[in-house]
Amino acid sequence: MYDKTVRRRRLTLAALVAASLLLLTAYFGESSGGALHSAQRGVFGIFSPIQEGASTVLKPARDLFGWFGDTIDAKGRVNELERSNQQLRARALASSEALRINGQLQRLLNLDTAGGLAAAKPVTARVIGQSPSVWYSTVSINEGTSSGIKVGDPVISGDGLVGQVSTATGGSSIVTLISDGELAVPARISGSGADGVVQTGAGGPDDLRIKFVARRFRVDPGAAVVTAGTLSTSGPLESLYPPGIPIGKVTRVEDPGTDAQKIYLRSYADLQRLEIVQVLTQPINGNRR
Amino acid sequence: MNLDYRSLVWRLALIAVVTVILQIAAVSQVRILGVNADLVPLVAASVGLLCGAMPGAIFGFGIGMLLDLALVETVGVASLILLAVGYGAGRLRELRDPQGAIVPLLVGAGATLVALLGFSMILFLLGQRVPVGWSLLWELLGTVAINAVIATPLYAVVRRCLVAAMPEDPRRRRRRAYTTGGLSPLSKP
């Protein structure tokens, strides 16, 4: 009796497995219009409205469980999104920084090209330190004598003259800015052609002035001020600065046409936010025009 | 066929239909951590655990067939796998008769694992594209974990549906005697 039961069980099991495999084989073997496919479509046709009804009826329950699932998923995604956000923010900052540096380098290149400064063997350097005082009269750069930089070399940014090298070591230099009271730059006011010397006024680093302008020259606000270069056609007294480098723009003139006239200007270069500068290491023709 | 047996068949058929509809219409659409529960292997394993190997195998075959037909998928795949799941759970009951609250959980997790691996393997052998990799592993482990959580309550529901049509279990009767007012041997003087 036991053997018979076991045999019957085994037969049933074998029949079920065989039926599954037969169905599988037949399903694969027949075309889409075959009996099994037709039966499938029939069952699907019967089940579809039931499924639709069940789906509608079960929607609240589904939504409830879905809410739990979404909440758990959302919690998991918060960390992932925060990490992604941090990475994207860092990348955006890096891109923005690269764009800004690129802009500065482009302006420097334009200045070199337009001002004919390429022959002055410019050395591009990055500002690595700035004077902590409110005057910001010196900055340190990451290039030095090993790059051909020497004391007295003029320093420019993409916007115009920045200052001159006051100390140079092997791998870095100190640049004294034009806002420093001890620096004097021979300058010329474009348009009028008046010569003078740019220095910081008594008011501080933002108080740039052009001094020693003869009263016969009429100077208007908005006039551009550039370096004058060496004025004498010969002799040992050469200017440190090549001619034609933009310095700033005249902002106002007090007592015009008198010996006491005061001409104020604003530097083109943002002296408080310098990042990339160029040191002009080679005078061209004694910095004469 | 006596009345109880016929009642059991009807109940099993009803369970199969309701399970397939619930799975397709609701459970498959609720995803938790990117995976969803799969009631079908759990129900097949529960039936096997409650009714034995042969009813489990037949039920697995039937519910698999229904699932394949309703989902318009390759007929025979689910039948073959769920037949194995139902039979395996039934044999476990017949050979070991494990007791304990954790049994449905372990059997449910095992049944889910077998079903998912079986599906992947058969589909792979049939030349269908199976996403082998971390996604499959995640799907597999996630579904096993979710199914393990719901295995015990689902087993209780299936048991409740079938218990009236099943022959009385002597052990159950004995336990009931202890817990419904009968004296425990320890409390006897």
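The model is predicted: local features need pLDDT of at least 70, side-chain atom pairs count only at pLDDT 80 or more, and totals for chains, interfaces and linings use all residues. Residues are numbered from 1 along each chain as its sequence is written, with chains lettered from A and ligands numbered from 1 in the order in which they are written.

**Helix pair.** H2(B) (residues 39–51) and H5(B) (residues 103–125) pack at about 125°, their axes 9 Å apart. The crossing is right-handed. H2(B) residues in the contact include Pro41(B) and Leu49(B); those of H5(B) include Val107(B) and Ala115(B). Contact requires C-beta atoms, placed from the backbone, within 7 Å.

**Chain contact.** Chain B gives 24 residues and chain A gives 30. H1(B), H3(B) and H4(B) each supply two or more residues on the chain B side. H3(B) gives the most, with six. That side has 19 nonpolar, four polar and one charged residue.

**Strand S5(A).** Four of the five residues of S5(A) (173–177) are buried, so the strand is largely enclosed by the rest of the structure. Buried means 20 or more other C-beta atoms within 10 Å. Its pairings are tabulated here; a pair needs at least two DSSP bridges.

| Partner of S5(A) | Bridges | Direction |
|---|---|---|
| S2(A), residues 138–141 | four | antiparallel |
| S4(A), residues 161–168 | five | antiparallel |

Ile174(A) stands opposite Ser140(A) and is also the bridge partner of Thr167(A). A four-residue hairpin joins S4(A) to S5(A).

Conventions: Axes fitted to C-alpha atoms, helices over the stretch in contact; angles between N-to-C directions. Left-handed = near helix turned anticlockwise from the far one by under 90°. Contact = placed C-beta atoms within 7 Å. Nonpolar A, V, L, I, M, F, W, Y, C, P; charged D, E, K, R; others polar. Buried ≥ 20, exposed ≤ 12 C-beta atoms within 10 Å, placed from the backbone.
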